[in-house]
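I opened this notebook to record what I looked up in one structure. The entries follow the order in which I consulted it.

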Amino acid sequence: MVDVVFLALAASVPIAVSFLLLVGLRWSASKSMGVGWVLASVLGLAYWQMEPTWWMAAAIYGVLQASSIILIVFGAVLLMNYLELSGAITTIRWYFRGIEEDRRVQLLLIGLGFETIIEGAAGFGTPGALAAPLFIGLGFPPLGAAVFGLFFNAPNPQFGAAGTPIIGGVGAVIGDTLPASQSLGPFLDLVSAWSGVMTGLTFVFWGLLGVFLLTYWFGDEGERSLRGAARPTAEIAPFATVLGMSAGLTQWAVAWFIGPALPSIAAGFVAFAVGIVLADRDILIPDDRWSFPDRSHWSEQWLGGLNLGEINQTEPKKQMPVLLAWTPYLLVGGVLLVTRWPTFDLVPVLQQFTVGLSSILGTELSWELAYLYLPGTMPFIPVAVLTGLLHRMDTGEMVDAWGESVRQVAPAALTLVVAVSLTQVMIQSATNSAGFIGMMTALSQALAIGAGAALPIVSPWIGALGTFVTGSNTTSDILFSVLQYDAAVDVSISPTLTVAIQNVGGGVGNMISVLNVAAICGVVGISGREGDIMRKTVVPTVIFALFVGFVGTILVYSVGSVA
């Protein structure tokens, strides 16, 4: 036990130093992870005594694995920039403004519907970045716009852009850990299925909790108390519950029966469609329309330090038919649905078309890219190009979309390359001449010793920690899914369910991620108010993490043997 603990302490140095530099000294994620990579390499070569060739092969393998994720990120961002420059996003804003005046209804339609769709189609911080300005355009206080842009994205990053956290996160590092009897594809499908159970249950009450916090934090003086906020929340409870159940059931069903690529985008479209039908027909909509206090009573904190004159109150304009504006999202969802639907059995066909590199530097490590199956190359990039034609964009606008996408993705690409390479060096350190267990194995065994049977309660906090410091559910899964898998094996509980809990926990951390909070402050124009936001988002973060730990524990000890 002493040896395992000592090895775990040594193995924790690269991750701990990276986190300290990122959070404590506010270094960039790429620089922080870069230092971690250097430390992991030094430990691997000097202490674990990895063969230099094997160490280099592990680092190269990590870079190649990261390229798959980068292609998904680039395709998602490219599509979003085409929509922004074509006027589709402005048209969507105009449409939302005319649906319903009740701020609670607007919050739920955008939060449970729009943000869920955007996460499923684009991910990588895009939902909050688009929803926050939309909230402000509808008349929400800047602080509230930022808070709820983060809040409503929490049950969605677990599937991200077309399943990236599971396919590109867990899938990038877990393959070598699985037993010979278990294939990677079916394992990822199980992680998707159980993640959907937990996030689906969360959706049922998430909208209602959002409305309660809206009125508690941003209502009039009489509503800024537990009892005062309960009344306007109870009025909208039937509407919020129906939308939450619509999103939750859809996300669970798609995650369970189809896989990780479609749950969020499908859940968002269903919740949005149900909400629009109910709002248009005034079904379950309270007679009294709820709104914020008069702007003259907004506190300086609500304004995020802005003056009322600095808030963008420009009326969005309809620049194209609403259906045309939504068409790219419908195409993305349609292509993913058809290609992933089990009845058509197209996945094995698409996965046959690959490019790759076998026996990297003469080792057993090999890498492949299934370019017709990877969401970044099919359908994101083709749909983005088609969007330019459908929306009649000129050549200059399309060139600008590509240039802006490269600029936006470059920093994230560097971070992902370093993070995945760091993880692979730690994983492949198991092949050494010192006779030691690998770095990740040492960490997992120490975790198992410390957590024991309570591992399902601890797991979501580890996932949230990974996202808190890196800003990415995908990166959190890259860093910790192997650790959680091995820890589960060590304490004899379902590793599949434990990795699913890790994945769900990663989404929890999005609400308090330093990078995400800073990014959304920049979008809204209230930079420097990160502390005000995090003091609010920490409340639902704790609620979500406790709920996942509770549900995860029940699942592990009731159905874990069949998971």
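**Basis.** I note that this is a predicted model, in which local features need pLDDT of at least 70, side-chain atom pairs count only at pLDDT 80 or more, and totals for chains, interfaces and linings use all residues. Residues are numbered from 1 along each chain as its sequence is written, and side-chain values use heavy atoms, with hydrogens and water left out.

**Entry 1: S195.** I located S195 in helix α9, residues 184–218. Helices are DSSP runs of H or I of at least four residues, numbered from the N terminus. A polar atom of the S195 side chain lies 2.7 Å from the backbone oxygen of V191. Leaving aside residues up to four places away in sequence, S195 touches F159, I166, A500, N503 and V504; contact means heavy atoms within 4.5 Å.

**Entry 2: aromatic pairs.** I searched the whole structure and found 24 aromatic pairs. One of them joins F187 and Y485 edge-to-face, at 5.8 Å centre to centre and 65° between the planes. Rings of Phe, Tyr and Trp (its six-membered ring) pair if their centres lie within 6.5 Å; planes under 30 degrees apart count as stacked, over 60 as edge-to-face and the rest as tilted. This pair links distant parts of the chain, with F187 in helix α9 and Y485 in helix α18 (residues 473–490), 298 residues apart. F187 is buried at 0% relative accessible area, and Y485 is buried at 5%.

I next examined W252 and W256, a tilted pair with 6.3 Å centre to centre and 35° between the planes. Both lie in helix α10 (residues 226–257), four residues apart, about one turn of the helix. W252 is partly exposed at 30%, and W256 is partly exposed at 35%.

I also recorded one aromatic cluster, whose members include F148, W206, W217 and F547.

**Entry 3: helix α18.** How many of the 18 residues of α18 are buried? I counted 16, so the helix is mostly covered. I noted a kink of about 45° centred on F480; the bend at a residue is the angle between axes fitted to the seven residues ending there and the seven starting there. After α18 comes S492, whose phi is positive, near 60°.

Key: Helices (H or I, at least four residues) and strands (E, at least two) are DSSP runs, numbered from the N terminus. A polar contact is a pair of N or O atoms within 3.5 Å; within protein, one must be able to donate a hydrogen and the other to accept it, and residues adjacent in sequence count only if both atoms are side-chain atoms. Buried means under 20% relative accessible area, exposed over 50%, partly exposed in between (1.4 Å probe, protein chains only).
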